[in-house]
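Please look over the side-chain pairings in this model. The report covers charged contacts and ring contacts.

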Amino acid sequence: MLVELRARELGVIADLTLFLGPGMTVITGETGAGKTLVVEAIDLLVGGRADPGAVRAGAVEAVVEGRFAPADAASAKGDEVGEQVLRRVVPAKGRSRAQVDGAMATVAELAELGRDLVDLHGQHAHQSLLHPATQRAALDAFGRVELTPLVEARRRLAALDAVLAELGGDERARAREVDLLRHQVAELAAAAVTGPGEDLALAEEEDRLGDAEGHREAAATGHGLLSEDGGALDAVGLTVAALQGRAPLGRIEERVRGVAAELADVASELRDAAESLENDPARLVAIRQRRQLLVDLRRKYGATLEEVLAYGVEAQERLDHLDELEARAAGLDAERAAAASAVARAEAGVRR
């Protein structure tokens, strides 16, 4: 309960102090005497809107203070157990300030405390009867209308609408996404990318076939320089013969023998390459078409084939998820139709 109120520089009030005792207190006076300002002062204490225009003309700020005591704590001896002091300062310019028991506080904190300390009833509180919802509630109460079935039916319908909304987008948006994903998944499946390194392997094969004649000639030339009479293999063989049996040069001889063996292997590989490298125009065209297909896939689905393959997996998972949603949405639509019918029946029952 409010036991003391003080207001300074608030409207027509220069300085007011009220001590309120138990029971009802009535404040009377002529129009313009400041009765409404007393109510406004209490409203400020419990978080009401601060209007700088309420500051007394010529004053810097208005100050309102109130001392509250629990109804069961105040006694005839004036015990102060459990009392709270609220303070609100409204400057003529700037933001208002609040305090609770001498400590700074927010207006929201004042409002929270005020809910337990004060109930304010204005002279137009009865106008809530003009609200359609209030009128319906009054009529239902007077007619003893049982609204539980209708309330439950509407709650069920609202819950189903919320679940359908959570599915993501409307039915048309989901259908468009499904069509796009089906096309993308089918395109990637038809491409049948063999792996993240397929484009590199194709590039190597295209290079080999693109100049097969030149590669073959180069291999044959290299083989001849190594293997023909007077070639590199003959020169290395003569070097081995010259070093053979000479102990100080034994380690060098071993190294030269290794070179001879390596050159023999290289010569053999060059011969095989010269014999196997052939022109294949049809294969070359197929490789170039395949590489262009992979370029198109990377342009649409990822910078690398690894990213393209990863996107394919994600697209399939998303498509599977949407298919599940569509099946679930169909079931929910049926439930919603039943719930809407239940609402209609409940509303008809209320009207009767």
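Arg-8 counts as partly exposed, because its relative accessibility is 22%; the class runs between buried, under 20% relative accessible area, and exposed, over 50% (1.4 Å probe, protein chains only). Its partner is Glu-65, and the closest N and O atoms of this salt bridge are 3.6 Å apart. A salt bridge here means a side-chain nitrogen of Lys or Arg within 4 Å of a carboxyl oxygen of Asp or Glu. The pair links distant parts of the chain: Arg-8 sits in strand β1 and Glu-65 in strand β3, 57 residues apart. Glu-65 is partly exposed at 23% relative accessibility.

Glu-4 and Arg-67 form another salt bridge, with the closest N and O atoms 2.9 Å apart. Glu-4 lies in strand β1 (residues 2-10) and Arg-67 in strand β3 (residues 61-68), so this pair ties together parts that are 63 residues apart in sequence. Glu-4 is partly exposed at 22%, and Arg-67 is partly exposed at 23%.

## Model and conventions

This is a predicted model: local features need pLDDT of at least 70, side-chain atom pairs count only at pLDDT 80 or more, and totals for chains, interfaces and linings use all residues. Residues are numbered from 1 along each chain as its sequence is written, and side-chain values use heavy atoms, with hydrogens and water left out.

Helices (H or I, at least four residues) and strands (E, at least two) are DSSP runs, numbered from the N terminus.

## Helix α4 to helix α11

Asp-161 forms a salt bridge with Arg-336; their closest N and O atoms are 2.4 Å apart. Asp-161 lies in helix α4 (residues 148-166) and Arg-336 in helix α11, so the pair ties together parts that are 175 residues apart in sequence. Asp-161 is partly exposed, with a relative accessible area of 30%. Arg-336 is also partly exposed, at 30% relative accessibility.

## Network and total

Salt bridges that share partners join Glu-4, Arg-67 and Glu-83 into one network. The structure's salt bridges number 21.

## The aromatic pair

How many aromatic pairs does the structure hold? The count is 1. Rings of Phe, Tyr and Trp (its six-membered ring) pair if their centres lie within 6.5 Å; planes under 30 degrees apart count as stacked, over 60 as edge-to-face and the rest as tilted. The ring centres of Tyr-301 and Tyr-311 are 5.1 Å apart and the planes meet at 20°, so the pair is stacked.

Tyr-301 lies in helix α10 (residues 281-301) and Tyr-311 in helix α11 (residues 305-351), so the pair ties together parts that are 10 residues apart in sequence. Tyr-301 is buried, with a relative accessible area of 9%, whereas Tyr-311 is partly exposed at 24%.
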